[in-house]
Amino acid sequence: MGGTTWHPASQGCGVLLCSYIRRMVIMAEKMEVEMEEKKVEDYHESQLYRIRHSAAHIMAAAVLDEFPDAKFAIGPPIEHGFYYDFDLPRPLTEDDLQVIEKRMKQMLRQNRQFEYEEISPEQAKELFANQPYKLELIRDILQGGTDEYGEKSEEAPKLSIYKSGDFVDLCRGPHVDSSNQINPKAVKLLNVAGAYWRGDADRPMLQRIYGTAWEKPAELQEYIAWIEEVKKRDHRRLVRELDLISFHEEAGAGLAYWHPRGALMRKTIEDFWRDRHMEGGYDLVYTPHIGKSWLWETSGHLDFYKESMYSPMEVDKMDYYVKPMNCPFHIMIYKTQLRSYRELPLRWAELGTVYRFEKSGVLHGLMRVRGFTQDDAHIICTPNQIEEEVLRVLRFSLAMLRAFGFESIQAYLSTRPDKAAGEPARWEQAQESLRRAIDAEGLTYEVDEGGGAFYGPKIDLHIKDALGRSWQLTTIQFDFNLPERFDMTYVGEDGAEHRPYMVHRALLGSIERFFGILVEHYGGAFPVWLCPEQARLIPIADRHIAYAREVEDQLRQAGLRAKTDASASRMGAKIRDAQLMKVPYMLVVGDREAEEGTVAVRLRSEANLGAMPVADFVARAQQAIHDRTLE
RNA sequence: GCCGACGUAGCUCAAUCGGCGGAGCAUCCGCCUUGUAAGCGGAGGGAUGUGGGUUCGAUUCCCACCGUCGGCUCCA
């Protein structure tokens, strides 16, 4: 094994970061440190948690002032703030939010005490007689079911309330002692959104107000700046501005169109992916986009996945379905021959484009689409190959993610749910192999007991982007179901037929979503190797265009993606255009450069490197490409 | 799918109370021949998302649909 660390030089982001990227990395690190600290002291025990929880109560009090008939649901602290769900007689507007925020801040200044009190079930029911949601919570708490946060409560049922001013809420706390511990200048209401009571689509739709609260006003400002940066990096804006991808409502929601620049990046990603797979012992396959109902009946998708599949199309009086997954097709290839244990493991990879019906409300740029390309592969092996295959695929995944600049990786192991297909012994073996692989790679991980799919345990890998947000990319997933359904077998040493193990895995998830994450991670300023245009020749006057084209040609011969800006604009405008397109190298050529056979190199970080021979520039750029750095 | 908001030129946004839809950028055409983030001038560009309704008259008010956004839900 081994050989899965590609280009060790590509550690971190390099030194010549654009200033704003550097700022954001620092901020993300800071937030990460903040998160780590929170973990250490336990966010739930922290003062910040009390502040947010208490701010939620005060907000509810302010809402009650505006809407005396308001019904209250729950109002917990969350990652960067808090929310509270209400049932109100009319929809809230932006103006309402401002009024509520103002009222809330007045209340915060009133030095309201938060007083804890335990009450009897009878008192509780009387106190909240007009609050149906609270009554439901009381009932559930008494039944030892779920608590205010919808989490399972194991403690003996105990009801408590918190009073602040004349506002009383069913709550287990903790809270600040007094509202003067909350700085009104560090509190802000953010937005209103719909939310189902207890997240259940069959229950009433409530109005949720999101707010944020911090210990110091400066932290609030920092958080607002972070939100601004998130907006600035929104891939939906950037893919348009950088002329990478578009969507067309007339032609269908959730379907991405790759423009030449985006397509070039995609090709770069896919070429890299294929090359690494070939090196890594995978074989490539291609399979059709549609399949007859037999295939989906056999796989079981028509039973349990139909709501995500598009309606069938009739061909020769038979139903054909567009594929939502590639696995059944790979299995068809497997079954073309009698397989021997000697040819296992088989590792078949495909950039397979699938279509899944997603409800209109969940579509979101490239992150959630209706047609996408999975970087899929299936590993088919014998029981005693499991251990090595799992470790191998995990290492491969980590190398892949790191190659794209994601260094912070967290693993999640999901184990056998109550209802599961396949023999428990196989589950056990599979889970252990996953666990040992994670340990062998020294990853920290969390276990989601019973969180696996019914057909097998899995490892998910989440990365953290430059803004400190985490995204699930890789999934490595055992399947004990499909080999049974398709009756996959191999002939063992003993001459008898055996059932192989099958592992699905996608490393990047889908090319579309991964691309969106890359765009946001780098804010559109990609590492040089991924840039659709790596260098732009900027002739100062028209008489320099010929030399610029000559250099452009040399760069192309050297394998660089270069273009000449022969527009009528002035140099300053050309530089501005190139900056906005985040081209890493701007090569200014005028009389001096043409004379000396050089290029004046400007980086998008705004560093001006001065003139250098073309060959020197090529060497520099090739180094950056090889190292996969930003420059 | 559900709740709410939104939809005006390729992009970002104007348009008073329901009274002849504008600007900047971009595009095109000229002039300028430029040394590190926007040179100057001119022109073209719109069924105001789609379909109905109210009205003498609808970008504006009402309804439905499509799409987008903030969430919820779902996620083999």
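**From values to terms**

Tutor: Let us begin with Arg436, which is partly exposed at a relative accessible area of 42%. The model under discussion is a predicted one.

Student: Why is Arg436 called partly exposed?

Tutor: Buried means under 20% relative accessible area and exposed means over 50%, with partly exposed in between. The relative accessible area of Arg436 is 42%, so Arg436 is partly exposed.

Student: What makes the contact of Arg436 with Glu387 a salt bridge?

Tutor: The criterion is a side-chain nitrogen of Lys or Arg within 4 Å of a carboxyl oxygen of Asp or Glu. The closest N and O atoms of Arg436 and Glu387 are 2.5 Å apart, so the pair forms a salt bridge. The pair links distant parts of the chain, with Arg436 in helix α13 (residues 424–440) and Glu387 in helix α12 (residues 386–403), 49 residues apart. Glu387 is partly exposed, because its relative accessibility is 34%.

Student: How do you know that Asp65 and Arg103 form a salt bridge?

Tutor: Their side chains meet at 2.5 Å, N to O, and the limit is 4 Å. This pair also links distant parts of the chain: Asp65 belongs to helix α2 (residues 47–66) and Arg103 to helix α3 (residues 94–108), 38 residues apart. Asp65 has a relative accessible area of 39% and is therefore partly exposed. In total, the structure holds 39 salt bridges.

Student: What separates Glu432 and Arg435 along helix α13?

Tutor: Glu432 and Arg435 are three residues apart in helix α13, which means that about one helical turn separates them. An α-helix has 3.6 residues a turn, so residues three or four places apart point the same way. The side chains of Glu432 and Arg435 meet in a salt bridge of 3.3 Å, N to O. Both are partly exposed, Glu432 at 25% and Arg435 at 21%.

Student: Which residues are linked in a network of salt bridges?

Tutor: The network joins Arg266, Lys267, Glu270, Asp271, Arg274 and Glu512.

Student: Why is helix α11 described as largely enclosed?

Tutor: Helix α11 (residues 327–334) has eight residues, and six of them are buried, so the rest of the structure largely encloses this helix. The buried residues are Cys327, Pro328, Phe329, His330, Ile331 and Tyr334. Over chain A, buried residues make up 52% of the 631 residues.

Student: Is Glu631 buried or exposed?

Tutor: Glu631 has a relative accessible area of 10%, and the limit for buried is under 20%, so Glu631 is buried. Glu631 is found in the segment after α19 (614–627). Its phi is positive, about 70°, although Glu631 is not a glycine.

Student: What makes the phi of Asp243 worth a remark?

Tutor: Phi of Asp243 is near 55°, a positive value in a residue other than glycine. Asp243 lies in the loop between α7 (235–241) and β9, and Asp243 is partly exposed, with a relative accessible area of 34%.

Student: What makes β11 and β18 the edges of their sheet?

Tutor: Eight strands form an open sheet of mixed pairing, in the order β11-β15-β16-β23-β20-β19-β17-β18. β11 (283–284) and β18 (445–448) each have a single partner strand, so one side of each is left without a neighbour in the sheet.

Student: How do you know that β20 and β23 pair?

Tutor: Pairing requires at least two bridges, and strand β20 (residues 470–478) and strand β23 (residues 501–510) have four, in the antiparallel sense. Gln477 stands opposite His504 in β23.

Student: Why is Asp316 called exposed?

Tutor: The relative accessible area of Asp316 is 65%, and exposed means over 50%, so Asp316 is exposed. Asp316 lies in the loop between β13 (313–315) and β14 (318–322). With Glu297, Asp303, Glu314 and Asp319, Asp316 gathers in a patch of negative charge on the surface.

Notes. Residues are numbered from 1 along each chain as its sequence is written. Chains are lettered from A and ligands numbered from 1 in the order in which they are written. This is a predicted model: local features need pLDDT of at least 70, side-chain atom pairs count only at pLDDT 80 or more; totals for chains, interfaces and linings use all residues. Side-chain values use heavy atoms; hydrogens and water are left out. Patches are made of residues with over 30% relative accessible area and no salt bridge: like charges are joined within 9 Å, nonpolar side chains (Val, Leu, Ile, Met, Phe, Trp, Tyr) within 5 Å. Accessible areas come from the Shrake-Rupley method with a 1.4 Å probe; for residues, only the protein chains shown count as cover. Lys and Arg count as positive and Asp and Glu as negative; His and the chain ends are not counted. The place of a charge is taken as NZ of Lys, CZ of Arg, CG of Asp or CD of Glu. Helices (H or I, at least four residues) and strands (E, at least two) are DSSP runs, numbered from the N terminus. Buried means under 20% relative accessible area, exposed over 50%, partly exposed in between (1.4 Å probe, protein chains only).
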